[in-house]
Amino acid sequence: MIPRRALLAAATLLAARPAHARAAPDEEMPREPWFIDSFLDLRDDNATATAAGKRLAIAWELRGCPPCIALHRLTLSNPMVCAFIQTHFDVVALDFAGARQVTFPDGTTAAEKPMARRQNIAGPPTFQIFDPTGREAARIEGFLDPVAFLALFRAATAPA
Amino acid sequence: MIFLAALLAAPIASAQTISPADPATASPARVDAAIAATFAGAAVAWMPRVTQDETQRLCSLRRNEPTQAEADSIVARESATLVMPAETTVLGNWRNGEKIAQNGQGGQFSDAPGTVSGGNCYACHQMAPAEISYGTLGPTLAGYGRLHDFKPEAARAAYAKVYNPQSAFACSSMPRFGHNKILTEQQIKDIVAYLFAPDSPVNAP
């Protein structure tokens, strides 16, 4: 698994957008270092998570989106929140306005933006949590403080 | 433009008895022909507004869901059209910006001459947390400047997004306010000040 991630990191560097693509000042996609690098076949990521006794979560994000920034800065940075999520979840970030092809845990494939529409994602940030069969088990929408956010992730790990 | 096509589909259907709901009959050529016929007698000054540029053509063709290569080409082309203010600061007067954000006037063929357009920002975005009436098509902008640490480069990025949202997000639903000359440079600066001034209601806790 580690070589695969390393390979992906190298590929990502090589595929970096040319500088001329953005005359506008660039904005970073908010991201946690412990998010999982993915080839975006989420069936694989779901199997990997399940094998490790974890669950797969998708984080829908958008560059510059204020509630996304707030969630990262005030909630995901919380030691209890990030420790709990890292222990129990593999998190893959997707771009709400993106055009990368992604295969969902249920096997459907689309680019990110139409996939977000198909999944009825109201807006960024949204977390989708999947069960081992690839069905969505929980959805967490918008900015929440650490206590509320953690409670929903805890609930999503409870046996059905 | 898709919206326009939908509006035009009804009269076509009644004239030629083709179901407007059948996507197979709504080819780009048919839509172009319908628009040309509808606006044949319109004022010449209107024509730029019913003629698609390459970005609009691609976004219509893909129903606002471009491929990665198309999205990259749109962002590159639209970024190249950005006209940024010469000065380093892009912050105008937030009090004026608030009025512009609340103003939904302009852009209508029936406008009285001299009508000053607003940004109509609240139609799609939450801005000041105290305002209870806002749309949710776009992400909330509450706390925008505060959450961007009031950084000048973030304010410039916001200016660019208002001037031409497609320079950041290909096939964005947001109007290209500067590019299409809906708002002036000063008006966009005032809106950016509304987002970024520390004492703006947008940044109220």
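A:Q128 is buried, since 22 other C-beta atoms lie within 10 Å of its own. A residue counts as buried if 20 or more other C-beta atoms lie within 10 Å of its own, as exposed if 12 or fewer do, and as partly exposed in between, with C-beta atoms placed from the backbone. This is a predicted model, in which local features need pLDDT of at least 70 and side-chain atom pairs count only at pLDDT 80 or more, while totals for chains, interfaces and linings use all residues. Residues are numbered from 1 along each chain as its sequence is written, and chains are lettered from A and ligands numbered from 1 in the order in which they are written.

**Chain A**

A:Q128 sits in strand β5, residues 126–130 of chain A. Helices (H or I, at least four residues) and strands (E, at least two) are DSSP runs, numbered from the N terminus. Chain A has six helices and six strands, and their order from the N terminus is α-α-β-α-α-β-β-β-α-β-β-α. Of the 160 residues in chain A, 34% are buried.

Two residues are in contact if their C-beta atoms, placed from the backbone, lie within 7 Å. In chain A, 70% of the contacts with a separation of 6 or more join residues 24 or more positions apart.

| Residue | In contact with |
|---|---|
| A:Q128 | A:A57, A:I58, A:E136 and A:R139 |
| B:Y159 | B:M84, B:V90, B:I188 and B:V192 |

A:L150 is 22 residues from A:Q128 along the chain, and their C-alpha atoms are separated by 14 Å.

**The core and chain B**

A nonpolar core is a set of buried Ala, Val, Leu, Ile, Met, Phe, Trp, Tyr and Cys residues joined through C-beta atoms within 7 Å. The largest one has 74 residues, and those touching the most other members are B:A158, B:Y159, B:I191, B:V192 and B:L195. Helix α8(B) gives the most to this core, eight residues. The core lies between domain 1 (2–76) and domain 2 (94–203) of chain B, because both give residues to it. These domain bounds come from an automatic or database domain assignment.

**Where the chains meet**

How many residues does each chain give to the contact? Chain B gives 25 residues and chain A gives 23 residues. On the side of chain B that touches chain A, the elements giving two or more residues are α5 (68–80), α7 (144–147) and α8 (152–163). The largest share of that side, seven residues, comes from α5(B).

Notes. Lists of a residue's contacts leave out its neighbours within four places in sequence.
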